[in-house]
Amino acid sequence: MSVIPTPSVDPSDLSSLHARLVTAADRDGLLDLAYRSVDTPVGRLLLVATDVGLVRVAYPREDHDVVLAMLARQVSPRILEAPGRLDAAARQLDEYFAHRRTRFDVPLDLRLSSGFRRTVLTRLPDIAYGRTASYAQVADAAGSPHAVRAVGSACATNPLPLFVPCHRVVRSDGSMGQYAGGVDTKRALLTLEAA
């Protein structure tokens, strides 16, 4: 019995093929979700975008494969690693961590949030860089002063951390509260912005 040798594949050939597939999928309207990973001072972040805008940012403590699978179910299974669509978001993150950007201006797709949670998320960019607001203050700004817990829930489920700055929301006594990236990450972001 003879064994058929497996041909070796040059990694640059695979990279070239992947780039052609991304270009063709995007051109033909078959790329509903593009993603890439970026290294930051708070860990490797997953960035995902639709043709509308950035739809999801995931911290390292979130399983990126699970996040992508969830997006495939909730948004579209037509998902591909296509870093080019996320160049502006990656560049703005670099600028943010280098103290050259205080506000993000990439288009956002808020389809993963609805109702009051979405209302809260649209208010969070009003909290200035280097400042914080309490959950109660955000509830009041969102038009529901008694919905403090709902604000906490909106922040906890924010699909776009950093870009929608829920890290700037703290408890009324000034303590950190919870954060998708972890309390240490929240503290690091607030320290970065205070510098």
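Visitor: Hi! Where is Asp109 found?
Guide: In this predicted model, Asp109 sits in the loop between H3 and helix H4 (115-123).

Visitor: Is Asp109 buried or exposed there?
Guide: Asp109 is buried, with a relative accessible area of 5%. The cut-off for buried is under 20%.

Visitor: And what is Asp109 in contact with, leaving aside its neighbours within four places in sequence?
Guide: Thr50, Val52, Gly53, Leu54, Val55 and Leu160 are in contact with Asp109.

Visitor: Which side chain joins that of Asp109 in a polar contact?
Guide: That of Arg111, through a polar contact of 2.8 Å.

Visitor: Okay, new topic. What order do the strands of the open sheet have?
Guide: The order is S3-S2-S1-S4, four strands with mixed pairing. Strand S3 (54-58) and strand S4 (79-81) each have a single partner strand, so they stand at the edges with one side left without a neighbour in the sheet. On average, neighbouring strands are turned by 25° against each other, direction ignored.

Visitor: How many bridges join S1 to S2?
Guide: Seven bridges, between residues 33-40 of S1 and residues 43-49 of S2, and the two strands run antiparallel. Tyr35, for instance, stands opposite Val48 in S2.

Visitor: Which helix packs on the sheet and touches S1, S2, S3 and S4?
Guide: That's helix H2 (residues 64-74), whose direction makes about 10° with that of S2. Helix H3 (residues 87-97) lies across S1 and S2, running at about 20° to S1.

Visitor: Which residues of H3 are buried?
Guide: Ala89, Ala90, Gln92, Leu93, Glu95, Tyr96 and Phe97 are buried. Their cover includes S1, S2 and helix H7 (183-194). Just after H3 comes His99, which takes a positive phi of about 65°.

Visitor: How many aromatic pairs does a search of the whole structure find?
Guide: Five. One of them is Tyr96 with Phe104, a tilted pair with 5.3 Å centre to centre and 40° between the planes. Tyr96 is buried at 1% relative accessibility, and Phe104 is buried at 16%.

Visitor: What about the rings of Phe104 and Phe163?
Guide: Their centres are 4.3 Å apart and their planes stand at 40°, so that pair is tilted. Phe104 lies in the loop between H3 and H4, while Phe163 lies in the loop between helix H6 (148-156) and strand S6 (169-170), so the pair ties together parts 59 residues apart in sequence. Phe163 is buried too, at 5% relative accessibility.

Visitor: Last one: which residues form the aromatic cluster?
Guide: Tyr96, Phe97, Phe104, Tyr129 and Phe163 form one cluster.

Notes. Residues numbered from 1 in each chain as written. Predicted model: local features only at pLDDT ≥ 70, side-chain atom pairs only at ≥ 80, totals over all residues. Heavy atoms only, no water. Pairing = 2+ DSSP bridges. Axes fitted to C-alpha atoms, helices over the stretch in contact; angles between N-to-C directions. Contact = heavy atoms within 4.5 Å. Buried < 20%, exposed > 50% of the residue type's maximum accessible area, 1.4 Å probe, protein only. Polar contact = N/O pair within 3.5 Å; in protein donor to acceptor, adjacent residues only side chain to side chain. Phe/Tyr/Trp six-rings, centres within 6.5 Å; stacked < 30°, edge-to-face > 60°.
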